[in-house]
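Trainee: I am new to this structure and would like a careful look at a single part of it, taken slowly.
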Amino acid sequence: MTLIGEAAPAGTGADIIKDGSDAGFMADVIEASRETPVIVDFWASWCGPCKQLGPALEKAVKAAGGAVKLVKIDIDKNPVYAGQLRVQSIPTVYAFDGGRPVDGFTGALPESQVNAFVQKLVREPPVSEEAELLAMGREALELGDVAGAAQAFAEVLQIAPDNLEAIGGLARCYLAGGDLERAAEAAAMAPADAKNADLESVRAALSLAKEAPSETAEAERRLQADANDHAARSEIAAGLAAQGKLAAAADHLLEIIARDRDWNEGAARAQLLKVFEAAGQTSEVTRQGRRRLSSILFS
């Protein structure tokens with residue numbers, strides 16, 4: 001650990017902890033704080049509390065990983081800025097951000113309070129335009145504003161054409177709008193082995209739509225005549241899933257499993273898992289469906 005008044009050895013924080021002076025104050029503190037917050041520790045070699053506070057400050061600044069810098073100024077050798085900042089007792093600590101003092105304290109504080117003081121200065125990383133648009137797209141989609149979501153995801157793809165989250169989001173928008181062809185085109189923009197929850201959901205939904213019967217009127221008549229016609233119920237479930245009515249499709253498949261869990265070598269359960277994948281693993285359809293499935297299987 002660097003002692004008060006000693007320069008930090010290379011490789012141990014020399015770039016973020018340094019001894020300052022009146023001559024270098026403008027460059028080391030005022031100008032530097034426009035880029036990174038700077039803590040100024042006014043101390044003196046004869047000051048006992050300074051020797052207690054100094055190591056705690058250095059430790060906290062190093063832990064911040066370069067997000068904050070520390071400049072230590074011996075007031076006996078450099079009295080000008082200490083006087084201008086009205087330092088009346090030491091240790092006195094000032095924090096500078098954007099070229100001006102924003103916080104400070106006097107006296108030796110417990111290590112926990114020193115850590116909190118330093119962490120409060122750490123700036124949040126700037127949010128990129130890409131991240132902002134993605135957040136807007138997700139929020140719009142959750143609120144049912146499919147057009148707004150599609151526009152946000154499309155703008156992301158203008159910035160980053162290979163952004164998987166935007167590709168998946170755009171595909172979901174087309175799927176929600178019932179445009180299966182454009183949903184498939186959007187999903188195809190990503191590599192076939194790309195891992196993304198939205199993409200996997202869209203691909204599962206497209207697979208269900210591809211397997212769906214062209215019409216289910218006959219199956220509905222058969223089911224009305226015989227509630228145990230599981231093949232008819234399975235066809236109806238496929239038709240509902242193709243229309244995006246995943247909760248209703250899951251209800252039919254769960255009913256098959258409740259009546260005959262091993263029907264057609266577990267076909268209903270396999271179909272149900274596709275419905276869950278199309279709905280999304282965190283969706284209400286999947287959460288409720290899994291609870292009901294567990295209740296059926298373990299009752």
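In what order do the five strands of the open sheet stand, and what is the pairing?

Mentor: Before anything else, please keep in mind that this is a predicted model. The five strands form an open sheet in the order S1-S3-S2-S4-S5, and the pairing among them is mixed. At the edges stand strand S1, residues 17-19, and strand S5, residues 100-106, and each of these has a single partner strand, so one side of each is left without a neighbour in the sheet. Averaged over the sheet, and with direction ignored, neighbouring strands are turned by 20° against each other. As background, strands of a sheet pair through backbone hydrogen bonds, either parallel or antiparallel.

Helix H4, residues 111-121, lies across S2, S4 and S5 and runs at about 175° to S5.

Asn78 has its place in the loop between strand S3, residues 69-74, and helix H3, residues 80-84. With a relative accessible area of 11%, Asn78 is buried, because the cut-off for that word is under 20%. If residues up to four places away in sequence are not counted, Asn78 touches Gly20, Ser21, Asp22 and Ile73. For one of these, Asp22, there is a further detail, in that its backbone nitrogen lies 3.1 Å from a polar atom of the side chain of Asn78.

The loop between H3 and S4 holds Arg86 and also Pro91. Arg86 has a positive phi of about 55° although it is not a glycine, and Arg86 is exposed, with a relative accessible area of 70%. Further along, the peptide bond from Ile90 to Pro91 is cis, with omega near 5°.

Two packed helices are described by the angle between their axes and the distance between the axes. Helix H12, residues 246-259, and helix H14, residues 284-297, pack at an angle of about 5° with their axes 10 Å apart, which means that H12 is roughly parallel to H14. On the side of H12 the contact is made by Leu246, Ala247, Asp251, Leu254, Ile257 and Ala258, and on the side of H14 by Val285, Gly289, Arg292, Leu293, Ile296 and Leu297. Sorted by kind, the residues of this contact divide into nine nonpolar, one polar and two charged.

Ala250 also has its place in helix H12, and Ala250 is buried, with a relative accessible area of 3%. Leaving aside neighbours within four places in sequence, Ala250 is in contact with Leu272 and Val275. The C-alpha atom of Ala250 is separated by 9.6 Å from that of Ala268, which is 18 residues apart from Ala250 along the chain.

Glu265 is found in the loop between H12 and helix H13, residues 267-279. Glu265 has a positive phi of about 60° although it is not a glycine, and with a relative accessible area of 81% Glu265 is exposed. By contrast, Ser234, which lies in helix H11, residues 230-242, is buried, with a relative accessible area of 14%. Neighbours within four places in sequence aside, Ser234 is in contact with Ile256, Trp263 and Gln271.

Note on methods. Residues numbered from 1 in each chain as written. Predicted model: local features only at pLDDT ≥ 70, side-chain atom pairs only at ≥ 80, totals over all residues. Heavy atoms only, no water. Helix = DSSP H or I, 4+ residues; strand = E, 2+ residues; numbered from the N terminus. Buried < 20%, exposed > 50% of the residue type's maximum accessible area, 1.4 Å probe, protein only. Polar contact = N/O pair within 3.5 Å; in protein donor to acceptor, adjacent residues only side chain to side chain. Contact = heavy atoms within 4.5 Å. Pairing = 2+ DSSP bridges. Axes fitted to C-alpha atoms, helices over the stretch in contact; angles between N-to-C directions. Parallel < 35°, antiparallel > 145°, perpendicular 65-115°, else oblique. Nonpolar A, V, L, I, M, F, W, Y, C, P; charged D, E, K, R; others polar.
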